[in-house]
Amino acid sequence: MLIAGFAAGAWGTNCYVVAPAAGEECVIIDPGHQATAGVEETLAKHRLRPVAVVLTHGHIDHVASVVPVCGAHDVPAWIHPADRYMMSDPEAGIGRSIGMPLMGELTVGEPSDIEELGDGARLSLAGLDFSVAHAPGHTKGSVTFRTPEGAELPSVLFSGDLLFAGSIGRTDLPGGDADEILDSLARVCLPLDDSTVVLSGHGPQTTIGRERATNPYLRQVAAGQGSAAEAFPRRGM
């Protein structure tokens with residue numbers, strides 16, 4: 001499996017391009033602020049043909065380039081229905097004006113073809129299989145995408161802003177909920193094998209095993225003391 005990722009835009013949001021191999025079809029995950037050029041460079045470098053854009057949630061730092069990317073390649077975008085409104089109204093998702101200079105660099109709205117994600121869905125795209133888990137807490141419509149474990153490859157969890165290396169997503173924006181995100185961590189992340197690779201919406205790659213041992217939130221959830229984790233700082237937009 002080929003996974004090419006890069007951090008884009010003012011928020012350093014990770015965008016991932018995933019394919020079975022170079023020269024084949026691919027899926028684009030979270031083309032956010034100023035990600036269009038990076039997407040096109042990645043596609044050209046690996047000779048890839050997009051078939052879909054899939055979104056972990058609706059915050060503008062993860063969806064700002066969806067319209068131009070989908071339009072350029074005539075592909076659909078997939079998003080959970082609870083976050084779909086943010087594509088047309090990004091300020092509703094962050095609770096404040098993000099500023100006119102920045103707004104001038106964003107493409108607000110939905111692509112012409114949009115599909116909705118549900119908990120437990122199985123996506124078969126570009127010769128790849130992804131399992132979808134609804135993981136609210138950062139937003140009401142946050143989801144994760146996970147690839148199956150292979151004979152020689154560990155499973156990969158695209159966690160969005162649910163789980164980061166050493167931290168988790170913030171819950172103080174509209175739709176955020178501290179209890180929900182802790183429940184999502186317990187339900188979605190804790191059952192996974194330690195070898196599962198975590199590719200998050202911001203920051204470096206990690207594994208479930210590393211986070212189980214060192215992430216203060218995951219440790220507290222595993223110990224059944226989720227409320228104590230509120231003392232630790234969080235990351236992301």
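A helix here is a DSSP run of H or I that is at least four residues long, and helices are numbered from the N terminus. Keep that in mind for what follows; the model you're looking at is a predicted one.

**Exercise 1.** Find out which residues of helix 3 are buried and how they sit around the helix axis.

*Solution.* 
- Step 1: go through residues 66-73, which make up helix 3, and pick out the buried ones: Val66, Val69 and Cys70.
- Step 2: look down the axis of helix 3. Its buried residues fall within an arc of 95°, so they line one face of the helix.
- Step 3: check what the buried residues pack against. Their partners are strand 3 (25-29), helix 1 (36-46), strand 4 (49-54), helix 2 (60-63) and strand 5 (77-79).
- Step 4: step just past the end of helix 3, where Asp74 has a positive phi of about 55°.

**Exercise 2.** Decide whether Gly9 is buried, partly exposed or exposed, and find its contacts.

*Solution.* 
- Step 1: locate Gly9 in the loop between strand 1 and strand 2 (13-19).
- Step 2: its relative accessible area is 32%. Buried needs under 20% and exposed over 50%, so Gly9 is partly exposed.
- Step 3: skip the neighbours within four places in sequence, and Gly9 touches His33 and Gln34.
- Step 4: compare sequence with space. Gly9 and Ala64 lie 55 residues apart in sequence, with their C-alpha atoms 9.6 Å apart.

Note on methods
Residues numbered from 1 in each chain as written. Predicted model: local features only at pLDDT ≥ 70, side-chain atom pairs only at ≥ 80, totals over all residues. Heavy atoms only, no water. Buried < 20%, exposed > 50% of the residue type's maximum accessible area, 1.4 Å probe, protein only. Helix = DSSP H or I, 4+ residues; strand = E, 2+ residues; numbered from the N terminus. Arc of directions from axis to C-beta. Contact = heavy atoms within 4.5 Å.
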